[in-house]
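Student: I have a model open and would like to learn how to read it. Could we go through it feature by feature?

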Amino acid sequence: MNGNSSLNSTQWHMVRFGTHGEARYLSGDFLNTYDVLIVNGNMAAFTAGAMAEFIAERAANKLYIIDPQTHAFQHHLKYIKSPKTGEVKTSIDRLLSFYGEPFKSSIQANRPVSSGDFSDDSLLTSVVERVIAFQKTVFATQEGDWSKYYNFLKIKVLQPRAVVAPYFFMDELTAMKWLEINTKAAAIAKDKFPEETIIMQLVIDKGVLLNSELLEEIIDRVLDTPADVVAIWIDEFDETAATITELLAYRKMLQKLGTRKPIIILYGSFFSVALMKTMPELNIIGVCHSLEYGEHRPVIPVGGGLPVSKFYYPSLHIRIPYVDVLSLVRPYLDSMERYLQNVCDCNTCKAVMRDANDLEEGFSKYGEGQEHPVKFRRRHQVVTISFPTPEARALCVQHYMWCKENEYKEQLRNASEVAERLEKAAKECSIVGNSFTGHCLRWAKVLRG
Ligand SMILES: [Zn+2]
């Protein structure tokens with residue numbers, strides 16, 4: 001697994017591990033729907049034993065990568081503190097105990113880390129060593145029944161497929177300062193761990209994406225590092241909401257990076273999957289999504305939001321609230337065959353429809369709870385919200401996972417074929433309006449170049 005040689009033409013379906021409650025959607029029937037797990041550093045540090053057991057046993061030694069989340073310490077400290085106690089969250093505190101300085105002192109001084117904290121090369125070297133040692137050892141040091149089994153088979157277990165160098169978020173104002181640290185960290189990582197596949201994580205603001213001069217400079221510097229892979233996360237870049245200008249800038253960025261580095265998209269929708277599959281010149285080797293946050297994510301965590309049942313509509317590649325999706329699905333609820341052919345033929349849909357008295361009742365399982373709105377006070381308003389039942393949410397996630405598997409596995413001949421399909425879907429579904437179909441037309445335009 002040295003360097004990037006074995007990564008050429010890889011097309012990983014990657015999923016971010018959210019909570020242990022969601023683990024059932026990543027194991028059992030779903031185990032073979034994806035290739036690589038991404039585990040957040042704080043989760044790895046806080047529940048190392050349970051995570052190790054999950055990966056070694058329930059996930060049968062699935063490939064994984066740990067995201068060390070070093071950027072968490074550069075934002076306002078309220079984001080890593082518990083709102084109740086005002087103390088640093090336990091999982092982040094656990095991460096701190098692995099990472100040490102300069103993170104510890106800056107948190108003790110009640111301020112986030114700044115780029116100046118890493119200006120000393122020997123300190124930066126020790127940061128890189130500790131952050132990578134953490135990824136290499138946090139699960140391997142856990143004891144469990146699996147050890148004997150894998151030892152007997154002489155199979156290496158609980159070793160990350162690749163390691164991520166410490167990284168920090170860059171916006172237009174701070175990019176040059178952090179770029180210095182980020183590129184140095186990647187170089188040190190390769191120097192100290194030459195046998196590992198080194199990922200440089202490029203986490204940028206949308207402003208950087210659209211600032212072509214700055215972006216060029218960043219890309220040039222990233223390409224000059226010895227990192228084996230570049231992993232990209234654009235702050236809150238929702239591909240289903242992005243403008244054509246943004247999508248073109250995104251494609252151009254990938255094109256330039258891809259000339260010399262394999263790329264992982266850390267939060268991507270079907271658009272990124274289509275780029276990976278139809279444009280090998282972009283050199284995308286994996287696209288990741290998660291279950292809870294889906295396919296885009298802000299760098300600074302925002303509140304949880306209110307749960308709504310959303311049904312992933314396969315031909316539009318977007319989650320649509322149950323009440324809105326009904327108008328799309330209803331014409332096909334007159335026959336099982338028509339539903340499976342026009343809406344979805346995944347295992348969950350098949351089972352739900354088969355077990356119901358009629359198709360109308362069957363499909364309503366995806367929206368259970370939505371018909372009983374609850375009134376409550378939020379700030380100065382009374383809001384009416386319908387909460388989905390846990391069963392409805394579970395069905396929506398299962399259906400989503402099957403749909404994603406299909407997107408990653410299906411044969412896509414070329415970009416214009418995908419564009420045609422997207423345009424057709426947008427036309428057929430125009431009843432739900434531009435907000436749920438417009439992205440298909442924008443994607444089609446960008447895919448056509
Ligand atoms: Zn389905």
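Predicted model: local features only at pLDDT ≥ 70, side-chain atom pairs only at ≥ 80, totals over all residues.

Student: Into which domains is the protein chain divided?

Tutor: Domain 1 covers 5-290 and domain 2 covers 310-410. Their C-alpha centres lie 32 Å apart. The contact between them draws 22 residues from domain 1 and 15 residues from domain 2.

Student: Which atoms coordinate the zinc ion?

Tutor: The donors are the SG atoms of Cys-344, Cys-346 and Cys-349 and the ND1 atom of His-399, at 2.1 to 2.3 Å. Along the chain these donors follow the spacing C-x1-C-x2-C-x49-H.

Student: Why does the pair Cys-344 and His-399 tie together separate parts of the sequence?

Tutor: Cys-344 sits in the loop between helix 13 (336-342) and helix 14 (347-355), while His-399 belongs to helix 16 (residues 390-409), so the pair links parts 55 residues apart in sequence. Cys-344 is buried, with a relative accessible area of 6%. His-399 is buried as well, at 0%.

Student: What geometry does the zinc site have?

Tutor: The general idea is to compare the angles with an ideal. For four tetrahedral donors the ideal angle is 109.5 degrees. Here the 4 donor atoms make angles of 106 to 113°, and the site is tetrahedral.

Student: How should I read helix 16, and what span should its 20 residues have?

Tutor: Start with a length check. At 1.5 Å a residue, helix 16 should span 28 Å, and its end C-alpha atoms are 29 Å apart, which agrees. Then look at burial: 14 of its 20 residues are buried, so helix 16 is largely enclosed by the rest of the structure.

Student: Which residues touch the most other members of the largest nonpolar core?

Tutor: They are Phe-139, Met-253, Tyr-339 and Phe-363, in a core of 143 residues. Helix 16 supplies the largest share of this core, 9 residues. Domain 1 and domain 2 both contribute residues, so the core lies between them. Beyond its neighbours within four places in sequence, Met-253 is in contact with Ile-204, Leu-209, Leu-215, Ile-219, Ile-232 and Ile-234. A second, separate core has 21 residues, among them Leu-7, Ala-231, Trp-233 and Ile-285.

Student: Which residues of helix 2 are buried?

Tutor: An α-helix has 3.6 residues a turn, so residues three or four places apart point the same way. In helix 2 (residues 48-58), the buried residues are Ala-48, Met-51, Ala-52, Phe-54, Ile-55 and Ala-56. Their cover includes strand 1, strand 2, helix 1 (41-46), strand 3 (63-67) and helix 6 (146-152). Just after helix 2, Ala-60 takes a positive phi of about 50°.

Student: Is Thr-33 buried or exposed?

Tutor: Thr-33 is buried, with a relative accessible area of 4%; the cut-off for buried is under 20%. Thr-33 is found in the loop between strand 1 (12-17) and strand 2 (36-40). Not counting residues up to four places away in sequence, Thr-33 touches His-13, Met-401, Trp-402, Glu-405 and Lys-409.

Student: Where does Asn-40 lie, and what is it in contact with?

Tutor: Asn-40 lies in strand 2 and is buried, with a relative accessible area of 12%. Leaving aside neighbours within four places in sequence, Asn-40 is in contact with Arg-16, Asp-67 and Gln-69. The C-alpha atoms of Asn-40 and Asn-8, 32 residues apart along the chain, are separated by 25 Å.

Note on methods:
Residues numbered from 1 in each chain as written. Heavy atoms only, no water. Helix = DSSP H or I, 4+ residues; strand = E, 2+ residues; numbered from the N terminus. Buried < 20%, exposed > 50% of the residue type's maximum accessible area, 1.4 Å probe, protein only. Contact = heavy atoms within 4.5 Å. Donors = N, O, S within 2.8 Å, 3.2 Å for Na, K, Ca; no water. Tetrahedral: all angles 85-135°; square planar, octahedral: opposite > 155°, others 65-115°. Core = buried A, V, L, I, M, F, W, Y, C linked by side-chain atoms within 4.5 Å. Domains from an automatic or database assignment. Expected span 1.5 Å × (residues − 1).
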